[in-house]
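The following note sets out points for a colleague who is examining this model. Each numbered point takes up one topic and may be read on its own.

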Amino acid sequence: MIRRPGILLLSVAVGPLLALGVTVTAQQAAGEVGFAEEVLPFLAEHCESCHSGKRPSAGFDIGRLSADFVDGPSIGRWLEVVEKLNSGLMPPPSQRDRPTEEQSSAIAAWVSERIAAGEATRLAATGSTSFHRLTRQEYANTIRDLLGVQFEASESGALLEDEDWRGLERIGSVLSLSAAHIERYFAAAEQILSDAYPDIPATRSTDRRTALDVLGGRLGPGEQGLEPNDSLVVVPSVRLDVWPGQVVRVEPAGGGLEFAGRYRIRAQMSGLRPEGGRAPHIEFGVTGSDRLLHEQDLLAPEGGPTVVEFEANLPAGPLQFTVANAVPGPTILTRLGRSLSAKFSSLEKGRIPWQIPLIDENNLPLYPLLIWDWIEWEGPLPPVDTTRAIYMPDTQIQIRSKLEAFATKAFRRPLIAGEVDQYVDLAFAEIATGADPRSAMKASMQAILCSHGFLYLVEGSRERTVNELDDWELASRLSYFLWSTMPDQRLARLAAKGQLRRPEVLEAEVVRMLDDPRIERFANSFSRQWLQLGRVGQFTPDSELYPEYDKYLERSMVGETTAFFAEVLADNLSLREFLRSDWTMLNSRLALHYGIPGVTNDGFQRVTLGPNDHRSGLLTQASILSLTSDGSRHRPVHRGAWVSEAILGKIPPPPPANVEPIAASPSDKPKPTIRQRLEAHRSNPSCAVCHRQIDPLGFAFDNYDAIGRWRTEEIVEGGIGPNPQVDSSGKMPDGQTFNGPLEFQKLLVQDIDTFNAAFVAKLASYGLRRTASVNDRGALADIATASKEHDYRLRDLVQALVLSDLFRQR
């Protein structure tokens, strides 16, 4: 028996371990394997004889173990226990009556689960006040809504990458603040305010660079260039042929841009697709940045070029525009590609016999080819949001009122008495050194943008004893949950009136926000974090094995998944669609990859799937299949572990150290599949039990290779004979069997409540910005029940979470 309450000692029923002092709480003793009933007797039978007394073996005294997995002193020691049990090193092989593999693995799994639960509880713990730092994307969105400035927070040299916890980037206790962060915030605020309030008023201008400019600016006999004032869609006699994989760099007059801001960019070009091949894919960027300004497939005849137009935020200072034909193709050397003696004018002219031909005997292009005429940029364009002007004072007298207005908006709540004084003092100190009111105001605004009131969502206070959020805190939690930005005027107005916490008002606001275009941020952000889509492309696929793989395909993979989530949300579809569906979202690039005809647009569109398409739900999407691969081959164990965590909500225990890698294919035997090679790996006693739980979840998708293509045979290097046929059958831990991914997905749908509970927990952690703890189980179960009552529909589930007591409390 266990005495209650508090930290409790076991009764004499567990025999010798009572004297060892191993302690356990009632909460920690809960689990599939009871601590008192199984763990302690296991330690007593198999560990006590060596690891107790005055001189315990290896200095490891189990009598000093604490079963407090939250804040106890023995967590590191318990990790050693798990490692030794998983590796089979303990109990030692020489010991008589050693436990079975299943017994050791069950104890190791129970302890691993308690360690993970303890970690979640520590991360979820809050004092009287909770601080949640903005992610860098939330920072950028908030700056745009506050000052109308588009700050590229993910640019190299901007803000540091956010730390994540199992994919989630919003967990307050994980997002640290270091000296390096502060330096970046200081520099970012300085740049933002410089862009918002330039010392010299920006003047709008238009600049154009032609193919002739890129080629050196000299015309040959009979050649005609294009003047900057020529009208659009005029075909010049001097053009630039842009081969697959080639990048053209164009420098503005003066080597860069004088003013930062929003620019309208236009480019004229033709795009030619070879018969049965891909269209040329154009990518616009700027040097020194990995940010993509714009991309699209482009088809336009040689004699009828089109003008591509888009807008992008550009920095002031030196830069070059890049225009790339981002499709695979032949490597082009100068001698074989472009002639140095004659400028390109058309497909029929300018080729020299030894050069690679551009067209076949029927004058059709042999490669995806861009023919580029010119590019121009116009700007900076007038800001759409002009509210930034209201914060800038004209005289010293206005400084306090302007700072109060700015700080109130930036802090997303009413100011505390005297809170703005330090910023007013800073402004007047700047003026005392000779600064004008405008410069002094910018110094104080910079300090506000670097303060905890702006960088953090602060919930609670030492003065408040209630755990419920006030209206201002609720407005921020709701706005950053669904829009990833500060509350808009309506939310702020309701918070100021003290009305937002009223259930009927809160429900109406959730509906309004779900119908707003800004809900796309939630669909994109949550789906990426929940499914860990940031791992797509982490291991670049081997170009020899997968020559058709490119960055456009990689972005399309992720785009399918985020667009799929957005469609489920917009149409209030059931969570079942994530597990099994007869539709998906495709663009032309991904449709080509899947072999699905009829999709010709760059944008994602809903496409009905047939049985021969071999796609259904999330689990057969290329993004999921590739992020669980290593760039050269599929990895069933990784896929199974991902399904266990993302779909079933179960985190597999860590693998034991120093496990031998999967053996290579013998050169003198028939080619084995990875599954067959894993069978030998699973014969290792320290691996068998966990692999029986994980591997079937991954075997279900063995028909898909490392980049998500369907196949019926596995390509195997080494060995003799033909490539083996894929076996995607399996047996679940509960005994149910399946043959192929669709049958496996049917089993997942039949157990929809398990997925529903896992999804609710992940959504709640995202919304609350903290991990779910044991204390949240009842509330999470209530939300899962509400989801079931509404047929697991996604919008209804989001509303149920927001209206729950859990969401409205710290």
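1. Helix packing. Helix H13, residues 489-496, packs against helix H14, residues 503-515, with an angle of about 170 degrees and an axis separation of 12 Å. Since angles over 145 degrees count as roughly antiparallel, H13 is roughly antiparallel to H14. On the H13 side the contact is made by Arg490, Leu491 and Leu494, and on the H14 side by Val505, Glu509, Arg512 and Met513.

2. Confidence of the model. The structure is a predicted model, and this should be kept in mind for every point of the note. The average pLDDT of the protein is 85, and 88% of the residues reach a score of at least 70. Residues 1-33 have a pLDDT below 50, yet the model gives this stretch 72 contacts beyond near neighbours in sequence. For residues 218-232 the pLDDT also stays under 50, and there the model has 29 contacts beyond four places in sequence.

3. Aromatic pairs across the chain. How many aromatic pairs does a search of the whole structure find? The search gives 30. One of them is formed by Phe131 and Tyr456: the ring centres are 6.1 Å apart and the planes stand at 90 degrees, so the pair is edge-to-face. Phe131 belongs to strand E3 (residues 129-133) and Tyr456 to strand E15 (residues 456-460), so that the pair links parts of the chain 325 residues apart. Phe131 is partly exposed, at 42% relative accessibility, whereas Tyr456 is buried, at 15%.

4. A tilted pair between helices. Tyr139 and Tyr185 form an aromatic pair with a centre-to-centre distance of 5.6 Å and 40 degrees between the planes, and this pair is tilted. Tyr139 lies in helix H5 (residues 136-147) and Tyr185 in helix H6 (residues 179-196), 46 residues apart. Both Tyr139 and Tyr185 are buried.

5. Aromatic cluster and charges over rings. One aromatic cluster is formed by Phe481, Phe522, Phe526, Trp530, Phe564, Phe565, Phe578, Trp583, Phe755, Phe759, Tyr766 and Phe807. Trp583, a member of that cluster, has the charged end of Arg606 over its ring, 4.1 Å from the centre. A further arrangement of this kind involves Arg675, which lies over the face of Phe699 at 4.3 Å from the ring centre.

6. The cis peptide bond. Which two residues are joined by a cis peptide bond? They are Gly379 and Pro380, with omega at about 0 degrees. Pro380 is placed in the loop between strand E14 (369-379) and helix H8 (399-411).

7. Arg166 is not a glycine, but its phi is positive, at about 50 degrees. Arg166 is found in the loop between H5 and H6, the helices that carry Tyr139 and Tyr185 respectively. With a relative accessibility of 23%, Arg166 counts as partly exposed. His614, likewise a residue other than glycine, has a positive phi near 60 degrees. The loop that holds His614 runs between strand E17 (605-608) and helix H19 (622-627). His614 is partly exposed as well, with a relative accessible area of 25%.

8. Leu806 is located in the segment after helix H26 (794-803). Is Leu806 buried or exposed? Its relative accessibility is 8%, and because the limit for burial is under 20%, Leu806 counts as buried. Apart from neighbours within four places in sequence, Leu806 is in contact with Arg477, Ala764, Leu768, Arg770, Asp776, Ala779, Leu780 and Ile783. For Ala764, which is 42 residues away along the chain, the C-alpha atom is 8.5 Å from that of Leu806.

9. Surroundings of Ser476. Ser476 is part of helix H12, residues 471-482. At 7% relative accessibility, Ser476 counts as buried. When residues up to four places away in sequence are not counted, Ser476 touches Arg412, Leu457 and Pro487.

Key:
Residues numbered from 1 in each chain as written. Predicted model: local features only at pLDDT ≥ 70, side-chain atom pairs only at ≥ 80, totals over all residues. Heavy atoms only, no water. Phe/Tyr/Trp six-rings, centres within 6.5 Å; stacked < 30°, edge-to-face > 60°. Helix = DSSP H or I, 4+ residues; strand = E, 2+ residues; numbered from the N terminus. Buried < 20%, exposed > 50% of the residue type's maximum accessible area, 1.4 Å probe, protein only. Lys NZ or Arg CZ within 6 Å of the ring centre and 35° of its normal. pLDDT = per-residue confidence, 0-100. Contact = heavy atoms within 4.5 Å. Axes fitted to C-alpha atoms, helices over the stretch in contact; angles between N-to-C directions. Parallel < 35°, antiparallel > 145°, perpendicular 65-115°, else oblique.
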